[in-house]
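Hi everyone, thanks for coming.

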Amino acid sequence: MSPQPPQLQVRDLRVQVGERTVLHSVSLDAVPGSLSVLMGANGSGKSTLGMALAGHPHYQVLGGQALLAGQDLLAMAAHERARAGLFVSFQSPPDIPGVKNNLFIRTALNAVQEAREQPALDAFDFLQRAKQAAQGLGLPEALLARPVNEGFSGGERKRNELLQLALLQPRVALLDEIDSGMDVDGVRAVVALVQKLRAAGTAFIVVSHYLQMIEQLEPDAVLRLDQGCIAETGDLELARSIARTGFARAPQALEA
Ligand SMILES: Nc1ncnc2c1ncn2[C@@H]1O[C@H](COP(=O)(O)OP(=O)(O)OP(=O)(O)O)[C@@H](O)[C@H]1O
Ligand SMILES: [Mg+2]
């Protein structure tokens, strides 16, 4: 069997935020069903990578390439990237006052359904599906009827990101510290959902500092971001060594 082509291919991505070039040359691949953990010190640019791929206007791409299922991701508007199957969760999910959570997620899901040439879900069918998914994630159903994230606790916001992931079933998902602020059941829900979607072909890039979850995710690769580049690629041993010795003592930093 020939190897599967990558769902996401990033080459020499260079990204500026404010006055600073945060990413100098980032390259990575994500094949269907794979999971790469992205680690790096605070401020090393992990969220910048997610935001730049998602098309956030504050993150200026200065160079490089990104292909999603062979399409030029960087040429697309942010909503087209989502329709094409990219999902990026927020490290700090924002409120959207005045927009009901269920309408927000249904609109997103139906846009993706249309792009996949699948029928739209009406309010009733969507609500049934959303309630079932919310229950599986330990998210109170009542939060579906509230404005997006407004008054949600930290962990509820993260579970709401997971709900979107569960319903949208993207080709590629970048999860940015999805575990932070989550209780032990929340972290279990992350692992279970990620493994389920991975088995169905979603390619994951998971940003996390939490070794216990990283181990449970059984990653194919662990990447360390430093100085705007993927400075090191390894397996779980790399995550364990970072947990033991910290980023400052990682090999690349010792040479500097
Ligand atoms: N709007 C902005 N203006 C200037 N600098 C910014 C802006 N947004 C982000 N940065 C800087 O870009 C750098 C990378 O930030 P980023 O959020 O990508 O780091 P991170 O690796 O995700 O860190 P953490 O582990 O703390 O989440 C940081 O030094 C940050 O201060
Ligand atoms: Mg971050």
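Let me start with a definition: I call a residue buried if 20 or more other C-beta atoms lie within 10 Å of its own, exposed if 12 or fewer do, and partly exposed in between, with C-beta atoms placed from the backbone. Helices (H or I, at least four residues) and strands (E, at least two) are DSSP runs, numbered from the N terminus. What you see is a predicted model, where local features need pLDDT of at least 70 and side-chain atom pairs count only at pLDDT 80 or more, while totals for chains, interfaces and linings use all residues. Residues are numbered from 1 along each chain as its sequence is written, and chains are lettered from A and ligands numbered from 1 in the order in which they are written.

Let's begin with helix α8, residues 236-245. Which of the residues of α8 are buried? They are L238, A239 and I242. These three cover an arc of only 100° around the axis, which puts them on the same side of α8; the arc is that of the directions from the helix axis to the C-beta atoms. On the face turned away from that buried side, α8 carries the exposed residues E237 and R244. And what do the buried residues of α8 pack against? Their partners are β3 (35-40), α7 (211-216), β11 (221-226) and β12 (229-234); contact here is when the C-beta atoms of two residues, placed from the backbone, lie within 7 Å. After α8 comes G246, with a positive phi near 85°.

Now to the strands at the start of the chain. I say that two strands pair if DSSP finds at least two bridges between them. Strand β1 (residues 8-17) pairs with strand β4 (residues 59-68) in the antiparallel sense, over eight bridges, and L8 stands opposite L68 there. β1 also pairs antiparallel with strand β2 (residues 20-30), over seven bridges. In β2, L8 has A30 as its bridge partner, and V10 has L28. The hairpin of β1 and β2 has two residues between the strands, and G18 in this hairpin takes a positive phi near 60°.

Keep G18 in mind for the ligand. Around ligand 1 there are 14 residues, and those that come nearest are G18, N42, K46, S47 and T48; a residue is near a molecule or strand if its C-beta atom, placed from the backbone, lies within 6 Å of it. β2 and α1 (46-54) each supply at least two residues of this shell, and α1 gives the most, with three. By class, the shell has two nonpolar, ten polar and two charged residues. For that count, Ala, Val, Leu, Ile, Met, Phe, Trp, Tyr, Cys and Pro are nonpolar, Asp, Glu, Lys and Arg are charged, and the others, Gly among them, are polar.

On to the inside. Strand β9 (residues 172-176) has five of its five residues buried. V172, L174 and D176 point one way from β9, and A173 and L175 the other way. As you all know, in a regular strand the side chains alternate between the two faces of the sheet. Strand β6 (residues 86-88) runs parallel to β9 and is joined to it by three bridges, with V88 partnered by L174. β9 also pairs with strand β10 (residues 203-207) in the parallel sense, over five bridges, and there L175 has V206 as its bridge partner.

V206 turns up again in the largest nonpolar core: of its 67 residues, V37, L162 and V206 touch the most other members. By nonpolar core I mean a set of buried Ala, Val, Leu, Ile, Met, Phe, Trp, Tyr and Cys residues joined through C-beta atoms within 7 Å. The largest share of this core, six residues, comes from helix α6 (residues 184-199).

Helix α5 (residues 154-168) holds Q164. Is Q164 buried or exposed? Q164 is buried, with 21 other C-beta atoms within 10 Å.

Most residues other than glycine have a negative phi. E117 has a positive phi of about 60° although it is not a glycine, and E117 lies in the loop between α3 (101-115) and α4 (123-136). Likewise, Q227 has a positive phi of about 55°, in the loop between β11 and β12. E117 is exposed, with 6 other C-beta atoms within 10 Å, whereas Q227, with 14 C-beta neighbours inside 10 Å, counts as partly exposed.
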